[in-house]
Structures are given as C-alpha cells and as structure tokens.
Amino acid sequence: MQLYFELFISFFKIGLFGFGGGYAMLPLIRHEVAGAPHCWLSMVDFTDIVAISQITPGPVAINMATYVGYVVSGNIFGSILTTVGVCLPPLIIMLLIAKFYLKFRKNQYIEMAFSTLRPGILGLIAAAALSLMNVHNFVDKASLAIFAAVFVACLCRIHPIKLIIVSGIAGLLLY
Amino acid sequence: MHELWQLFRSFFRIGMFTLGGGYAMLPLIQNEVVDKRQWVDNKEFIELLALAQTSPGPMAVNAAVFVGYKRKSIVGSLVATLGITLPSFLIILIIAMYLVGFRENHYVESFFKGIRPAVVALIAAPLYSLGKAIKISWFGIVLAGSVATAIAFGGISPAIMVVAIALLGLAIGIIQKKRKAG
C-alpha cells in the first residue's frame with residue numbers, strides 16, 4: 001500500500017514542478033524515479049525508457065509515468081495511479097489559468113503582456129526545432145532530404161500524420 | 001454530447017500520432033483544433049501556448065485542458081485530457097508488459113530513423129503560418145530570434161523566458177500609455 005502511495009506522490013510532484021514540458025521535465029523525473037530515496041530504476045533502465053518514450057507516441061511524462069508505474073508495482077493499477085498523478089496538477093492549474101484568461105482576456109494589461117508573448121512563443125518553438133537539429137536526429141544526407149521535403153510539404157498543408165508515415169516508410173527503404 | 005465525443009476523438013488522435021512530446025506535438029494539435037475543428041483560431045492558439053508554458057506538466061495536456069474548457073467547461077477538459085493520455089498509456093502498458101526488447105528490432109529502428117528529421121521539420125514549418133496569423137512585426141521577429149537563441153544556445157528555462165517576455169510587454173505597454181497621457 002505504501003508503495004502505491006509513494007508512486008502517486010512522486011508523479012504528482014513531477015506533474016506539479018515539471019515546467020516546460022517534454023524533455024525539460026527529464027531531470028526532475030530522473031531525480032524522482034532513479035535517485036534516492038526510491039531508486040526504482042537504474043540509470044540504464046532510465047535511459048532505455050527515455051528512448052522508448054522517443055519512439056512511442058504521446059507526451060514523454062505520461063509515457064514515463066505509465067512505464068514506471070507498471071514496472072515498479074508489477075500491475076496495471078500502479079500505472080493508472082502514476083499516470084493520474086502526473087496529469088492531476090497540470091489539469092487543476094491549467095483549468096484555473098483558462099478560466100482566468102477567458103474572463104480577463106480583454107483587460108489592457110493582459111493584452112500588453114500578450115503583445116510580446118505572441119512573437120516570443122514563436123521563438124520558443126524555433127528553439128525546440130534548433131535543439132533537435134543534432135547528430136542523433138540527422139544521421140546522414142538522406143535525413144536532410146527528408147527534413148526539407150517534409151518542411152515544404154507541411155507548408156503546402158499536407159497532413160502531419162501522412163508525412164510521419166511516409167517518412168517512416170522512407171526510413172525503412174533507406175536504412 | 002456530440003462535441004464531447006469530437007473532443008475525445010481529436011485529442012486521442014493527437015496523442016496517438018505524435019512522437020517525442022513537447023513542441024513535436026504542435027503541428028498536429030494545430031491541425032486538429034485550429035484547421036479542422038476551428039475550436040480556437042491561430043491567434044488564440046499562440047496565446048494558449050504561452051499559457052501552457054506558465055502551467056507545469058506536459059504541454060499537450062495543458063492544451064487539451066484549455067481547448068476542452070473553452071468548448072465544454074470542466075467536463076470538456078476532463079474528456080480532452082483523457083483522450084490525449086489514453087494512447088500513450090495503452091501503448092506503453094503493452095510495451096512494459098510484453099515488448100521490452102522491441103527497440104532493438106532493425107525495422108523499428110529504420111522506421112524511426114526516417115521519422116526523426118521529419119519531426120524536426122514539422123516543428124519548424126508552422127512558424128510561418130503562425131507568424132502570419134499574428135501579423136508579426138520586425139520587432140517581433142527580432143524578439144523571437146533572441147528568445148530562440150537564448151533558449152537553444154544559452155540554456156535558459158522556457159518557463160522563466162515566458163515570464164520575462166510578459167513583463168517586457170507590460171513595461172512597453174505602460175511606457176507607451178504614459179507617453180500618450182503626458
């Protein structure tokens with residue numbers, strides 16, 4: 001019983017303090033699941049599950065929660081607890097933010113803040129793309145060709161799911 | 001009832017077909033909630049991303065909560081959150097139970113070698129349509145460029161960056177207001 005409680009609390013903490021989403025949450029997750037006092041996973045296990053998260057769909061934090069919950073407790077109930085735990089804080093906080101925003105969006109000070117936030121967020125997106133342009137994602141010239149083709153196709157409004165599947169098939173044929 | 005089902009289905013699709021989490025999920029979220037369903041427009045979409053940055057947790061969950069709440073209040077946000085979570089939950093559960101070694105499979109690895117650069121392109125491409133939607137100024141382009149550089153190469157936390165950008169906007173707004181008054 002105590003194990004389930006600790007699992008829930010750990011992932012609730014990850015959901016509560018994991019700002020930035022995605023890979024920005026990884027250091028915190030590592031601290032909770034592979035660090036003292038829990039040491040639920042070894043560092044090798046942890047790296048493996050990060051890799052699995054990269055090649056399975058959905059948010060990394062959810063993948064991590066489901067996997068650790070199952071592996072540590074040995075049953076589905078454990079993974080339900082961890083997944084609910086990691087979702088609960090953002091759910092509550094974002095509900096409050098959405099409520100506040102939809103009520104006060106016409107406020108002049110909110111509008112002032114958003115006048116720089118709108119272009120600023122584009123910078124955040126660009127940063128995400130830049131940080132992924134590494135040797136892990138771009139292994140050879142074919143990677144660059146896939147990148148360019150998908151970039152153009154996306155501007156031509158071809159559906160992202162189709163582009164993902166076609167790129168995967170290209171990978172199968174190429175490698 | 002019909003719209004709740006649509007919320008669930010749209011966010012289930014987003015959860016099902018996005019790799020890597022974070023901004024890698026952005027083009028598909030934009031495609032579903034802006035282009036296809038028109039639940040929010042492009043301008044609101046950017047504002048939603050800014051708000052999502054100030055809330056902890058996965059960005060996709062925050063996006064689901066926001067869009068769900070805007071359309072169908074609290075029930076809507078619960079349904080959308082369930083939709084975005086369920087695909088990862090089910091897939092990871094199956095992997096954890098049966099397929100621990102599947103990453104070493106040669107075909108799986110080749111498939112993903114093709115996908116990875118595509119994911120980067122899918123993150124970068126919406127910058128164009130979003131920039132057009134907010135009628136970005138030269139000042140905005142310089143600001144976005146500086147933000148991208150500071151985060152990608154300076155290692156500054158996106159959450160702190162968002163707060164700083166909001167304060168900058170407030171400061172500029174208040175100075176302009178005082179000038180007009182004076």
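Which helix of chain A is A:T83 found in? Select A:T83 and you land in helix α5 (residues 76–104) of chain A; helices here are DSSP runs of H or I with at least four residues, strands are runs of E with at least two, and both are numbered from the N terminus.

Before going on, a note on what is on your screen. This is a predicted model, in which local features need pLDDT of at least 70 and side-chain atom pairs count only at pLDDT 80 or more, while totals for chains, interfaces and linings use all residues. Residues are numbered from 1 along each chain as its sequence is written, chains are lettered from A and ligands numbered from 1 in the order in which they are written, and side-chain values use heavy atoms, with hydrogens and water left out.

**Stop 1: around A:T83**

Keep A:T83 selected and show its surroundings. Its relative accessibility is 5%, so A:T83 counts as buried (buried means under 20% relative accessible area, exposed over 50%, and partly exposed in between, with a 1.4 Å probe and protein chains only). Leaving aside neighbours within four places in sequence, A:T83 is in contact with A:I62, A:A65 and A:T66 from chain A, and with B:T85 and B:F89 from chain B. Contact here means heavy atoms within 4.5 Å.

**Stop 2: around A:A113**

Now move to A:A113, in helix α6 (residues 108–132) of chain A. Is A:A113 buried or exposed? It counts as buried, because its relative accessibility is 12%. Once neighbours within four places in sequence are set aside, the contacts of A:A113 are B:A166, B:G169 and B:L170. For a distance check, pick A:P160 as well: from C-alpha to C-alpha, A:A113 and A:P160 are 31 Å apart in space, and 47 residues apart in sequence.

**Stop 3: the interface**

Colour the two chains separately and look at where they meet. There, 104 residues of chain B are in contact with 90 residues of chain A. Together the chains bury about 8500 Å², 80% of it on carbon and sulfur atoms; buried area is the accessible area (1.4 Å probe) that two parts lose on being put together, summed over both.

Across this interface the rule finds 9 residue pairs in polar contact, with both residues at pLDDT 80 or more. A polar contact is a pair of N or O atoms within 3.5 Å; within protein, one must be able to donate a hydrogen and the other to accept it, and residues adjacent in sequence count only if both atoms are side-chain atoms. To see which parts of chain B take part, select its helices: those giving two or more residues to the side that touches chain A include α1 (2–17), α4 (59–98) and α8 (158–181). Of the elements, α4(B) gives the most, with 22 residues. By class, that side of chain B has 71 nonpolar, 23 polar and 10 charged residues. In this scheme Ala, Val, Leu, Ile, Met, Phe, Trp, Tyr, Cys and Pro are nonpolar, Asp, Glu, Lys and Arg are charged, and the others, Gly among them, are polar.

**Stop 4: salt bridges**

How many salt bridges does the structure hold over all chains? The count is 10, a salt bridge being a side-chain nitrogen of Lys or Arg within 4 Å of a carboxyl oxygen of Asp or Glu. Across the interface of chain B and chain A the rule finds 3. Select A:R157 and B:D35 to see a salt bridge whose closest N and O atoms are 3.6 Å apart. Then try A:R105, B:E44 and B:K70, which are linked in a network of salt bridges.

Within chain A, show A:E32 and A:K13, a salt bridge with its closest N and O atoms 3.3 Å apart. A:E32 lies in helix α2 (residues 26–34) and A:K13 in helix α1 (residues 2–17), so the pair ties together parts that are 19 residues apart in sequence. A:E32 is buried at 6% relative accessible area, whereas A:K13 is partly exposed at 36%. Next comes the salt bridge between A:R118 and A:E111 (3.2 Å, N to O); A:R118 counts as buried at 9% and A:E111 as partly exposed at 35%.

**Stop 5: chain B as a whole**

Finally, hide chain A. Chain B has 8 helices and 0 strands, and its C-alpha trace spans about 70 × 45 × 25 Å along its principal axes. Of its 182 residues, 56% are buried.
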